[in-house]
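Please prepare a briefing on the structure shown below, with the cut-offs behind each term stated once. Group the points by topic.

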Amino acid sequence: MELHLLVVFILLTSLASVNTSYAATSSEAYWKSMLPGTPMPKVLHDLLPSEKKSDAGEGNKKENSSNTSFQDNAMSFGMNIGGFGINVGNDGAVSLGFGQDNDSPLSFTYAPSNDQLMSIPNEVPFFLDKDLRPGTKIKIHLAKTGAKAKFLPREFAERIPFSSSEFSEILQQFAVKSDSSTAELMKKTIKQCEQPAVEGEDKYCAKSLEGMVDFSISKLGKNVRVIAAEVNGDHKKPQEFSITKGARMVGDKIVSCHPQQYLYPVFYCHEMHATRAYLVSLAATDDVTKANAAAVCHTDTSKWNPDHLAFHALKVQPGSVPICHFLPEDHIVWVAN
């Protein structure tokens, strides 16, 4: 246990030596240099590391990019660096604030169990392209799905092990128990990143903002539009929304990036063929919540898992009709202009 804490302390202390304000500025500057004139979605900007401020007495405020705390009697350790946080308890457990251990329905290979099918009949995010019109109602969940930590500086993200063959080392470095739910989530994310892409497409797991930029422009060029859902009002739980205006197609040459559950932000990015992206205006039945959401319609689902939730919910066969879905607010869609 003491060795694990020492490893975590050394790793995170090395991260603390980097000025997080510089890291944020560097990432933002890289975006502007590679994508001049392309606004960064707020959800990505919110993931940039930032300096934290703390009060040290009346009129005495100082910059503080790291926050370390120890409890001698409990043998616990905690550290937060620019939003990158990890807490190790006296039993070796790591708290990361992950959600439930579920695969994403947005994965092409997703196949829910019978119990899942029975438990979510009214919360299926899929619909047919013919329903992408004003007046259509759908119950969806637009809340963020990824980790709340900030992006790591690229130079550190590329140096940290990230592969199944190095998984034991990863767990040891971060003092994560091998039989914990956290370890299981980490393993699933790494395995998904290592799986081959759908035939004819390409994929990449971006562990930094710069990595996401590089992959996306390698597929689409620099003349791109980057979109994500923008929601005003209560969207922490699924709600019924109505499409209020005609959907506006923004492109059919697309890279989509989905946040994964990990110690720090990891985005599963893949180029998408036979897919159209739309911007859609939505209003919830609470008469308060409104959203400009990103929707994608897949015109060829023939290579999807035939047991995918979408086919069960819509009662259609793979490859028979275009299937659409909205994306939560921290999923990013890159579209070639």
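At 41% relative accessibility, threonine 244 counts as partly exposed, a class that lies between buried (under 20% relative accessible area) and exposed (over 50%), as computed with a 1.4 Å probe on protein chains only. The model is predicted, so local features need pLDDT of at least 70 and side-chain atom pairs count only at pLDDT 80 or more, whereas totals for chains, interfaces and linings use all residues. Residues are numbered from 1 along each chain as its sequence is written, and side-chain values use heavy atoms, with hydrogens and water left out.

**Threonine 244**

- Threonine 244 is placed in the loop between β12 (239–243) and β13 (248–251), where helices (H or I, at least four residues) and strands (E, at least two) are DSSP runs numbered from the N terminus.
- Setting aside residues up to four places away in sequence, threonine 244 touches Pro134, Ser281, Leu282 and Ala283, contact being defined as heavy atoms within 4.5 Å.
- Threonine 244 and serine 281 are 37 residues apart along the chain, and their C-alpha atoms are separated by 5.7 Å.

**Serine 208**

- Serine 208 sits in the loop between β9 (203–206) and α8 (209–220), and with a relative accessible area of 1% serine 208 is buried.
- The side chain of serine 208 reaches the backbone nitrogen of glycine 211 at 3.1 Å; a polar contact is a pair of N or O atoms within 3.5 Å, where within protein one must be able to donate a hydrogen and the other to accept it, and residues adjacent in sequence count only if both atoms are side-chain atoms.
- Not counting residues up to four places away in sequence, the residues touched by serine 208 are Phe151, Leu152, Arg154, Ala157 and Glu158.

**The sheet and the helices on it**

- An open sheet of 5 strands is arranged in the order β9-β15-β14-β19-β10 with antiparallel pairing, two strands being paired if DSSP finds at least two bridges between them.
- The edge strands of this sheet are β9 and β10 (224–227), each of which pairs on one side only, and the twist averages 20 degrees from one strand to the next.
- Strand β10 is joined by 4 bridges to β19 (residues 332–336), the two running antiparallel, and the bridge partner of isoleucine 227 in β19 is valine 333.
- Helix α7 (residues 181–194) lies across β9, β14 (254–260) and β15 (266–272), running at about 145 degrees to β9; axes are lines fitted to C-alpha atoms, for helices over the stretch in contact, and angles run from 0 to 180 degrees between N-to-C directions.
- Helix α8 also packs on the sheet, where α8 touches β9, β10, β14, β15 and β19, and the direction of α8 makes about 155 degrees with that of β14.

**Disulfides**

- A disulfide is a covalent bond between the sulfur atoms of two cysteines.
- With a disulfide taken as a pair of cysteine sulfur atoms within 2.5 Å, the count comes to 3 disulfides.
- Cysteine 193 and cysteine 205 form a disulfide with their sulfur atoms 1.9 Å apart, and this disulfide is left-handed because the torsion about its S-S bond is about -90 degrees.
- Cysteine 193 lies in helix α7 and cysteine 205 in strand β9, so the pair ties together parts that are 12 residues apart in sequence.
- Cysteine 257 and cysteine 269 form a disulfide with sulfur atoms 2.1 Å apart, and a torsion of about 115 degrees about the S-S bond makes this disulfide right-handed.
- Cysteine 297 is joined to cysteine 324 by a disulfide (S to S 2.0 Å), which is right-handed because the torsion about the S-S bond is about 105 degrees.
- Counting bonded cysteines along the chain, the disulfides follow the pattern 1-2, 3-4, 5-6.

**The largest nonpolar core**

- The largest nonpolar core has 26 residues, of which Trp31, Leu44, Met212, Phe267, Ile332 and Trp334 touch the most other members; such a core is a set of buried Ala, Val, Leu, Ile, Met, Phe, Trp, Tyr and Cys residues joined through side-chain atoms within 4.5 Å.
- At least two residues of this core are supplied by each of α2 (20–34), α3 (42–45), α8, β10, β14, β15 and β19, and the largest share, 6 residues, comes from α8.
- Leaving aside neighbours within four places in sequence, leucine 44 is in contact with Trp31, Phe151, Leu209, Met212, Phe267 and Ile332.
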